[in-house]
Amino acid sequence: MRRALVPVATLVLVVGRAGPAAAHGVGGFSSSNLRSELKSVQPPIPGLEVRVIESGSRLEVENRTGEDAVVIGYENEPYLRVGPDGVFENRRSPATYLNSDRRGRTTVPATADPKAAPEWRKIASQPVARWHDHRVHWMGDQNPPAVRRAPGETHVIIPNWVVPIRHGSTTIEARGDLRWIPGSSPVPWLVIAGLLLAATVAAFRRRPSGPAIAVAAGLLLTLDVVHALGTSFAVTAPASDQLARALTSSVISPVAWILGGVGVWMLLTSRPGLPLVAGAAAIVALSGGLADLADLSRSQIPFAWSAPAARLLVATSLGAGLGLAVACLLAAANPGTCAGQKTGLSSP
């Protein structure tokens, strides 16, 4: 039993050291109860589209008018230029540096001067700009006072945010609001996780077979891949970037997919794969379940499909992942079972 625990303990230790980066949140867009919405763009310009994306984590301007549009920064300076030649950022704009951090804590260099002539640097070839704008989200480290007083109620936190955009001689105002939308109770999902844990252990408690465990592990790993893809696709970006995020946003998940895949193959070919499957299942439970527990109680979830689907994936990762890890260890500790015989391990 101790020999079977060694690789599992090592993998779990790696996940623990990975910290928040192992969670499925992407690019600063994480689960919350705050949602920013666009209410109007006045005056409307045909070919110029303004959007709030990722629940307000970023704004997007797409300019197909054939004439440059300039997003105005926090001190009424030119910040972004979006037009037929692509997207350019003004290196003299303080917003260029402040927007690189969600809390605006980046040090603004002395060369940034909102009154200076713009110094444009090209950052994209398409006439589509996406950026994090501090005017449309909550900047505090704590929840707003109204939320702290009544967290279970809906609140308008910023009733009328404004982002100005100049198009030729016209100044356009994109307006919206920021709301606190309470989430649901996590209890039903935690109950589902608990039932899945118990059911998985019970299913393999008596004479488990290696192929049956391999099939269960394959399903668990597939769901974890779906979870990672759904989270990555929630970020507005080209498909190639979204796929890359699925592989890189979670430091440890690809390790679980590889090790789990090897373990499944070993079990299906009568080789000792239980320790690898147990380790992979434990990683899925931690990185796709425990690290994403906030998704169970938040209203705004970084997931391309429905919020209930995201919550179900978190509950499944947590419950079935822990259950499969325990089942593998029990099988490895019992050489009298079919699966236990295939591990090559025996009790001490």
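In which helix does valine 191 lie? In this predicted model, valine 191 belongs to helix α4, which covers residues 187–203. Its relative accessibility is 46%, so valine 191 counts as partly exposed, since that class lies between the 20% and 50% limits. Valine 191 also contributes to a nonpolar surface patch, which it makes together with Val187 and Leu195. The area of this patch is about 280 Å².

Leaving aside residues up to four places away in sequence, arginine 130 touches Ile53, Arg58, Leu59, Glu60, Thr236 and Ala237. Another partner, glutamate 60, is joined to arginine 130 by a polar contact of 2.6 Å between the two side chains.

The average pLDDT of the protein is 89, and 88% of the residues score at least 70. Residues 1–27, however, have a pLDDT below 50, and the model gives this stretch 57 contacts beyond near neighbours in sequence. Residues 342–348 also stay under 50 in pLDDT, and here the model has 22 contacts beyond four places in sequence.

How values were computed: Residues are numbered from 1 along each chain as its sequence is written. This is a predicted model: local features need pLDDT of at least 70, side-chain atom pairs count only at pLDDT 80 or more; totals for chains, interfaces and linings use all residues. Side-chain values use heavy atoms; hydrogens and water are left out. Contact means heavy atoms within 4.5 Å. A polar contact is a pair of N or O atoms within 3.5 Å; within protein, one must be able to donate a hydrogen and the other to accept it, and residues adjacent in sequence count only if both atoms are side-chain atoms. Patches are made of residues with over 30% relative accessible area and no salt bridge: like charges are joined within 9 Å, nonpolar side chains (Val, Leu, Ile, Met, Phe, Trp, Tyr) within 5 Å. Accessible areas come from the Shrake-Rupley method with a 1.4 Å probe; for residues, only the protein chains shown count as cover. A salt bridge is a side-chain nitrogen of Lys or Arg within 4 Å of a carboxyl oxygen of Asp or Glu. Helices (H or I, at least four residues) and strands (E, at least two) are DSSP runs, numbered from the N terminus. Buried means under 20% relative accessible area, exposed over 50%, partly exposed in between (1.4 Å probe, protein chains only). pLDDT is the predictor's confidence in each residue, from 0 to 100.
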